[in-house]
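Thanks for making time for this. I will talk through one structure, and you can follow along on the screen.

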Amino acid sequence: MNQQFFDRPQIAVSGYEFKGMGIGEVLDFLERLDVRFLELWPDNVEGEDLSAVRRELEARHMQVSCVSAMSAHRLNQEVTEAAQEAIFRSLALAKELGAPFVTTYVGSNPGRDPFTTIKFYVRDLEPCLREAASHGITILLENMFDHRGEDP
């Protein structure tokens, strides 16, 4: 990671709001605003040649600050494997594009108390943490865990 990331405050813009736009168009927009960091969502690069995306970022002196594993995939739901796969995919994107972080979500599960939810989250995240550590990537826990109003 470029030391500039930590030297002074920077703004990273979430790619979530750019659904349906090509990554080149997103980067053009951010460049006009002098924004150098993008929180990338997998949808932002769906079907894109990642080596070309990396070259586009480098040409603009931009970096992916983190990759989101997307809130649709949460480890506290019934289909743990799907959430793990989404996290592994985000880790692969982070590795390919040089992002130091991947953001994950817990969310709620009305059938579990908060302590059980955390226990299962930690357990189910373990294989993802091993993969992240092997590439020097840090997994972050999104603090906006209930934007759908599902937490009782």
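Arginine 54 is partly exposed, with a relative accessible area of 28%. Keep in mind that this is a predicted model. The side chain of arginine 54 forms a salt bridge with that of glutamate 96, at 2.4 Å from N to O. Arginine 54 sits in helix α3 and glutamate 96 in helix α4, so this pair ties together parts that are 42 residues apart in sequence. Glutamate 96 also counts as partly exposed, at 32% relative accessibility.

How many salt bridges does a search of the whole structure find? The search finds eight. In general, side chains of opposite charge can pair when their charged atoms come close.

A second one joins the side chains of aspartate 28 and arginine 60, at 2.1 Å from N to O. Aspartate 28 belongs to helix α2, while arginine 60 is in the loop between α3 and β3, so the pair ties together parts that are 32 residues apart in sequence. Buried or exposed: how does arginine 60 count? With a relative accessibility of 10%, arginine 60 counts as buried.

The side chains of arginine 130 and glutamate 126 meet at 3.6 Å, N to O. Both are in helix α5, four residues apart, which means they are separated by about one helical turn. Arginine 130 is exposed, with a relative accessible area of 51%, and glutamate 126 counts as partly exposed at 35%. Some salt bridges share partners: Asp28, Glu31, Glu56 and Arg60 are joined in this way into one network.

Now the sheet. In what order do the five strands run? The order is β1-β2-β3-β4-β5, in an open sheet with parallel pairing. At the edges are β1, residues 12-14, and β5, residues 138-141, each of which pairs on one side only. From one strand to the next, the twist averages 25°.

β2 and β3 are paired in the parallel sense, over four bridges. Opposite phenylalanine 37 stands glutamine 63, in β3. Helix α2 packs on the sheet, where it touches β1 and β2, and the direction of α2 makes about 145° with that of β2.

The largest nonpolar core has 29 residues. Which residues have the most contacts inside it? They are Ile23, Leu40, Val67 and Leu91. At least two residues of this core come from each of these elements: α2 (23-32), β2 (37-40), α3 (50-59), β3 (63-68), α4 (80-97) and α5 (114-134). Helix α4 gives the most, with five residues.

Setting aside neighbours within four places in sequence, leucine 40 is in contact with Ile23, Val45, Val64, Cys66, Val67, Ser68 and Leu97. Two of those names, Ile23 and Val67, are also among the residues with the most contacts inside the core.

Another residue to look at is serine 90, which lies in helix α4. Serine 90 has a relative accessible area of 0% and is therefore buried, since buried means under 20%. What does serine 90 touch, not counting residues up to four places away in sequence? The list is Pro42, Val67, Ser68, Ala69 and Val102. Val67 and Ser68 are in contact with leucine 40 as well.

Last, two backbone details. Aspartate 34, in the loop between α2 and β2, has a positive phi of about 60° although it is not a glycine. At 54% relative accessibility, aspartate 34 counts as exposed. Histidine 61 also has a positive phi, about 55°, and is not a glycine either. Histidine 61 lies in the loop between α3 and β3, the loop that also holds arginine 60. Buried or exposed: which is histidine 61? Histidine 61 is exposed, with a relative accessible area of 64%, whereas arginine 60 counts as buried.

To recap the main points: an open sheet of five strands with parallel pairing, a largest nonpolar core of 29 residues, and eight salt bridges in the whole structure. That is the end of my part.

Key. Residues are numbered from 1 along each chain as its sequence is written. This is a predicted model: local features need pLDDT of at least 70, side-chain atom pairs count only at pLDDT 80 or more; totals for chains, interfaces and linings use all residues. Side-chain values use heavy atoms; hydrogens and water are left out. A nonpolar core is a set of buried Ala, Val, Leu, Ile, Met, Phe, Trp, Tyr and Cys residues joined through side-chain atoms within 4.5 Å. Buried means under 20% relative accessible area, exposed over 50%, partly exposed in between (1.4 Å probe, protein chains only). Contact means heavy atoms within 4.5 Å. Two strands pair if DSSP finds at least two bridges between them. Axes are lines fitted to C-alpha atoms, for helices over the stretch in contact, and angles run from 0 to 180 degrees between N-to-C directions. A salt bridge is a side-chain nitrogen of Lys or Arg within 4 Å of a carboxyl oxygen of Asp or Glu.
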